[in-house]
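Welcome, and please take a moment to look over the chain. We will walk through its helices, its aromatic rings and a couple of its loops together.

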Amino acid sequence: QGNVDPDTAIDRLGRFREGFNIRQRKNELYSGGENLFKLPVTDYPEIPVTSKELTLCENLFGLYTDVIASIDQWKQLTWSQVLPMVEDMLGAMEGYSGRVKRQPKKVREFPGFLTARDKIEEFQVVLPMIQELSKASIRTRHWEAVLKIMHQPKSAEEIEQWLDSVTFQELLDMEMHHKEEDIVDVTDMADKELKIENDKAEIVD
């Protein structure tokens, strides 16, 4: 059913797979007995159909559990711990995105698919933004602007302490992907300001 949450669906899928495997083994035994005694072999066309559908669901929920496991692993990392991992995180999300695109149409309305797709898309926006915010051009004043955009204003002193302790989960909770254009404007301005500073320094030298 499409309205079942993914975690419940995974539990049900596991129990259904166990039951199906038992029935499949019984069918193989019965077919072997019918062949042994030269009896007509009973055909159960629903078995290969069910097997195919189970495999589709297992592939889908395998994707879901992989995405959620990665996020759970990353979300308690601090800002300083996330920075050297961003490229690997982006690579993992790119791999998951490829798996999303290969999912058949018949599972694309399932909550597990939608959750995995939405999380991947969010990360593919947030992670490049984190890269931008980690550049040398970003100063405390730029963080002030970003946090103001996110309606979480902090003073310069508070920002320094906050960056020492903020976790990746807290950054995700800010939902920066909804303000991507505004934040990119801030990082672009920071790059321009740094270029002006460097140009001035060259003139002085």
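In which helix does Gln169 lie? Gln169 lies in helix H8, residues 168–173; helices are DSSP runs of H or I with at least four residues, strands are runs of E with at least two, and both are numbered from the N terminus. This is a predicted model, in which local features need pLDDT of at least 70 and side-chain atom pairs count only at pLDDT 80 or more, while totals for chains, interfaces and linings use all residues. Residues are numbered from 1 along each chain as its sequence is written, and side-chain values use heavy atoms, with hydrogens and water left out.

Let us stay with Gln169 for a moment. Its relative accessibility is 22%, so Gln169 counts as partly exposed; buried means under 20% relative accessible area, exposed over 50%, and partly exposed in between, with a 1.4 Å probe and protein chains only. Apart from neighbours within four places in sequence, Gln169 is in contact with Lys75 and Gln76, where contact means heavy atoms within 4.5 Å. Asp199 is 30 residues away from Gln169 along the chain, and their C-alpha atoms are separated by 38 Å.

Now to the aromatic rings. The structure holds four aromatic pairs. Rings of Phe, Tyr and Trp (its six-membered ring) pair if their centres lie within 6.5 Å; planes under 30 degrees apart count as stacked, over 60 as edge-to-face and the rest as tilted. The rings of Trp79 and Trp143 have centres 5.3 Å apart and planes at 85°, so they form an edge-to-face pair. Because Trp79 lies in helix H3 (residues 79–82) and Trp143 in helix H6 (residues 140–149), this pair ties together parts that are 64 residues apart in sequence. Trp79 and Trp143 are buried.

Trp143 also pairs with Trp162: the ring centres are 5.4 Å apart and the planes are at 75°, so this pair is edge-to-face. Trp162 belongs to helix H7 (residues 156–165), so the pair ties H6 to a part 19 residues apart in sequence. Trp162 is buried, with a relative accessible area of 12%. Elsewhere, ring pairs link Trp74, Phe123 and Phe168 into a cluster.

How do H6 and H7 pack? Their angle is about 90° and their axes are 10 Å apart; axes are lines fitted to C-alpha atoms, for helices over the stretch in contact, and angles run from 0 to 180 degrees between N-to-C directions. H6 and H7 are therefore roughly perpendicular to each other, a term for angles of 65 to 115 degrees. Thr140, Trp143, Glu144 and Leu147 of H6 meet Ala156, Ile159, Glu160, Trp162 and Leu163 of H7 in this contact.

Next come two further helices. H5 (residues 111–133) has 23 residues, which should span 33 Å at 1.5 Å a residue, and its end C-alpha atoms are 32 Å apart, which agrees. The expected span is 1.5 Å times one less than the number of residues. Among the buried residues of H5 are Phe113, Ile120 and Phe123. Helix H9 (residues 180–204) buries Ile183, Val186, Thr187 and Ala190, and these buried residues pack against H5 and H6.

Finally, visit two loops. His151, in the loop between H6 and H7, has a positive phi near 60° though it is not glycine. Its relative accessibility is 64%, so His151 counts as exposed. Glu175, in the loop between H8 and H9, has a positive phi of about 55° and is not a glycine either.

Conventions:
Parallel < 35°, antiparallel > 145°, perpendicular 65-115°, else oblique.
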